[in-house]
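Have a look at it first, then read on.

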Amino acid sequence: MKAKHQRLILALVALCGVGGAGVLAASALRDEAAYFRTPVEIEGGKAAVGEPMRLGGMVAKGSIERQADGLTIRFVATDGKASVPVEYKGIVPDLFGEESGMVADGRMRADGTFVADRILAKHDERYMPPQMGDMPKNMKAPAGV
Amino acid sequence: MHAYANPTRFLAIAKPLTPWLLGAGLLLVLGGAWAGLAMVPGDYKQGETARILYVHVPSAWLGMGGWTSLAIAGLIQLVWRHPLSGIAARAIAVPGMLFTALCLATGSIWGRPTWGTWWEWDGRMTSMLVLLFLYAGFIALTSGDDGQRQGGSLSRGAAIYALVGAINIPIINRSVVWWNSLHQGPSITLGGSSIDRALLWPLGLTVLGFSLLFGAIVLMRMRRIIADNRVAARLRRLADDEGI
């Protein structure tokens, strides 16, 4: 066997080894590297009351309620399988709205409500011109938000 | 392919090719930018901020494509010891890092109005930042080494570093699929595009344009490295002749 064939085999074997290690590490990180938890994971008992965490999900249709103080909002975050009520006092990003994704930092309260200190809007992978934006529901953020 | 691994033959092709790549790349980028900024409508939901994708997406592609080619050059260097592969790897590192930084910067500028934050440590952003640091490490490893004496080839350590760093590329690509992330999933997949055709076509122009520019920069940098090596070799010979 020529020296360069030896080097090629060695390099490929090493590459497979390192690649395999990378895949194992990535799959071991599956839960740790997740940026947020979903409502179904919280329902499964993964969230202790008072533990700081991040919740991600869709804002359920028709669920946003503005409270009397004008600053607090309540809505339901859902992943299609489970849903969690969320309460937040503050200003939400422009893209926050019903039937679109959001990520909230906060903690669970004993009554099962997630109290958020911060809300981010999550954008999905669709890009469209305005006249195609699935009118009329996506044209504008829901009234009152 | 072996024929082009010779620096002299390479130069005979690279020299006339450079201005064509540069000119075509500039035209496409300017045309794509004009189309993206002025001709197509904004996004239905994000409005005008979505237009940053015409720079963000090509930057991401070139940052990742840059490391992929750098790793291939590292492999060729390790196995076949072609004199040009090390030169190519050195030439790719700087524009690769530049486009990675541009991708992070445009993403951050877009993230503030869209998500409500400049930066979050989610899988996509973190792995892209790791790529930036990988480039910085490679540049540090290959500048000031003994490369000029060896005709520009990489040290074994640098070539292995380039190969090992390539693991990060599929991680960046899959980060939004494997892990929950703030960054959205892939818009363009083998199955099609979830960017509407009306908004998609300028992206084709800028991706191709930036890629040609990247190619032109790499060729120019390779020619410069070859020229530097020749000057260094000639000076060494002169010094030997004069018995200094």
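Two residues are in contact if their C-beta atoms, placed from the backbone, lie within 7 Å. Keep that in mind for what follows, and remember that this is a predicted model.

## Chain A at a glance

Take the contacts in chain A between residues at least 6 apart in sequence: 47% of them join residues at least 24 apart. Chain A has 145 residues, and 26% of them count as buried.

What is chain A built from? It has two helices and six strands. Starting at the N terminus, the order of elements is α-α-β-β-β-β-β-β.

## Strands around β6 of chain A

Let's zoom in on β6(A), which covers residues 114-122. Strand β4 of chain A (residues 83-89) runs parallel to β6(A), and three bridges join the two. If you want a spot to look for, Y88(A) sits opposite A116(A) in β6(A).

Then there's β5(A), residues 101-108, which pairs with β6(A) in the antiparallel sense over eight bridges. Here R107(A) is the residue opposite V115(A) in β6(A). β5(A) and β6(A) make a hairpin, with five residues between them. In the turn you'll find G112(A), whose phi is positive, at about 90°.

While you're looking at strands, a handy rule: in a regular strand the side chains alternate between the two faces of the sheet.

## Two helices packing in chain B

Over in chain B, helix α3 (residues 83-114) packs against helix α4 (residues 123-142) at an angle of about 155°, and their axes are 9 Å apart. Angles over 145 degrees count as roughly antiparallel, so that is the label for α3(B) and α4(B). Their crossing is left-handed.

Which residues meet here? On the α3(B) side they include R90(B), A93(B), M97(B) and L104(B), while the α4(B) side has M128(B), L132(B), Y135(B) and F138(B) among them. Sorted by class, this contact has 14 nonpolar, three polar and one charged residues.

## Where the chains touch

How many residues does each chain bring to the contact? Chain B gives 37 residues and chain A gives 34. On the side of chain B that touches chain A, helices α2 (53-79), α3, α5 (156-165), α6 (168-178) and α7 (197-241) each supply at least two residues. α2(B) gives the most, with three residues.

By class, this side of chain B has 20 nonpolar, 12 polar and five charged residues.

How values were computed:
Residues numbered from 1 in each chain as written. Chains lettered and ligands numbered in written order. Predicted model: local features only at pLDDT ≥ 70, side-chain atom pairs only at ≥ 80, totals over all residues. Axes fitted to C-alpha atoms, helices over the stretch in contact; angles between N-to-C directions. Helix = DSSP H or I, 4+ residues; strand = E, 2+ residues; numbered from the N terminus. Parallel < 35°, antiparallel > 145°, perpendicular 65-115°, else oblique. Left-handed = near helix turned anticlockwise from the far one by under 90°. Nonpolar A, V, L, I, M, F, W, Y, C, P; charged D, E, K, R; others polar. Pairing = 2+ DSSP bridges. Buried ≥ 20, exposed ≤ 12 C-beta atoms within 10 Å, placed from the backbone.
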